[in-house]
Amino acid sequence: MVKCSLVGCEEKVVGGFQEFIDVGYIGNPNATAPGMKTAWCESHKNSLSSHVLGKRGDWLTAKQLE
């Protein structure tokens, strides 16, 4: 079960994001690798989700948040 990324929070997760890290090289300059996942509960949604806005990555699905 995924937990809120705020240390000590045990509330149910309602959203999340996985950042992509640029690992481009001569053969594939657009290559990426999966980076850190950030998850948030309803109480911490605004403070945590604002940190991922504008970053390259994907929003986590409900299945990924289970």
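Mentor: Gladly; what follows starts with the chain as a whole, moves to the sheet, and then settles on the aromatic residues and their surroundings.

Please keep in mind that this is a predicted model. The chain holds one helix and three strands, and reading along the sequence gives the pattern β-β-α-β. For its overall form, the radius of gyration is 14 Å, whereas a compact globule of 66 residues would come near 11 Å. Along the principal axes, the C-alpha atoms fill a box of roughly 45 × 20 × 20 Å. Of the 66 residues, 29% count as buried. The accessible surface comes to about 4800 Å², and carbon and sulfur atoms account for 54% of it. If we take contacts between residues at least 6 apart in sequence, 56% of them join residues at least 24 apart.

Now to the sheet. Its three strands form an open sheet in the order β2-β1-β3, and the pairing is antiparallel. Because β2 and β3 (57–59) stand at the edges with a single partner strand each, one side of each has no neighbour in the sheet. Neighbouring strands here are turned by 15° against each other on average, with direction ignored. As a reminder, strands of a sheet pair through backbone hydrogen bonds, in either a parallel or an antiparallel way. Between β1 (residues 13–22) and β3 there are three bridges, in the antiparallel sense. Within this part of the sheet, Q18 stands opposite D58 of β3.

That brings us to the aromatic residues. Searching the whole structure gives two aromatic pairs. One is formed by F17 and W59, with 4.9 Å from centre to centre and 70° between the planes, an edge-to-face arrangement. F17 belongs to strand β1 and W59 to strand β3, so this pair ties together parts that lie 42 residues apart in sequence. The other pair joins W40 and W59: the ring centres are 6.1 Å apart and the planes stand at 80°, so this pair is edge-to-face. Here W40 comes from strand β2 and W59 from strand β3, so the pair ties together parts 19 residues apart in sequence. Put together, F17, W40 and W59 make up one aromatic cluster.

How covered are these residues? F17 has a relative accessible area of 4%, so F17 is buried. W40 is buried as well, with a relative accessible area of 4%.

The C-alpha atoms of L53 and F17 are separated by 9.5 Å, although the two residues are 36 apart along the chain. H44, in turn, lies in the loop that runs between β2 (32–41) and α1 (45–49). With a relative accessibility of 18%, H44 falls under the 20% limit and therefore counts as buried. Leaving out residues up to four places away in sequence, H44 touches C4, L6, C9 and S49.

Conventions. Residues are numbered from 1 along each chain as its sequence is written. This is a predicted model: local features need pLDDT of at least 70, side-chain atom pairs count only at pLDDT 80 or more; totals for chains, interfaces and linings use all residues. Side-chain values use heavy atoms; hydrogens and water are left out. Helices (H or I, at least four residues) and strands (E, at least two) are DSSP runs, numbered from the N terminus. Buried means under 20% relative accessible area, exposed over 50%, partly exposed in between (1.4 Å probe, protein chains only). Contact means heavy atoms within 4.5 Å. Two strands pair if DSSP finds at least two bridges between them. Axes are lines fitted to C-alpha atoms, for helices over the stretch in contact, and angles run from 0 to 180 degrees between N-to-C directions. Rings of Phe, Tyr and Trp (its six-membered ring) pair if their centres lie within 6.5 Å; planes under 30 degrees apart count as stacked, over 60 as edge-to-face and the rest as tilted. The radius of gyration is taken over C-alpha atoms; the globule rule is 2.2 Å times the number of residues to the power 0.38. Accessible areas come from the Shrake-Rupley method with a 1.4 Å probe; for residues, only the protein chains shown count as cover.
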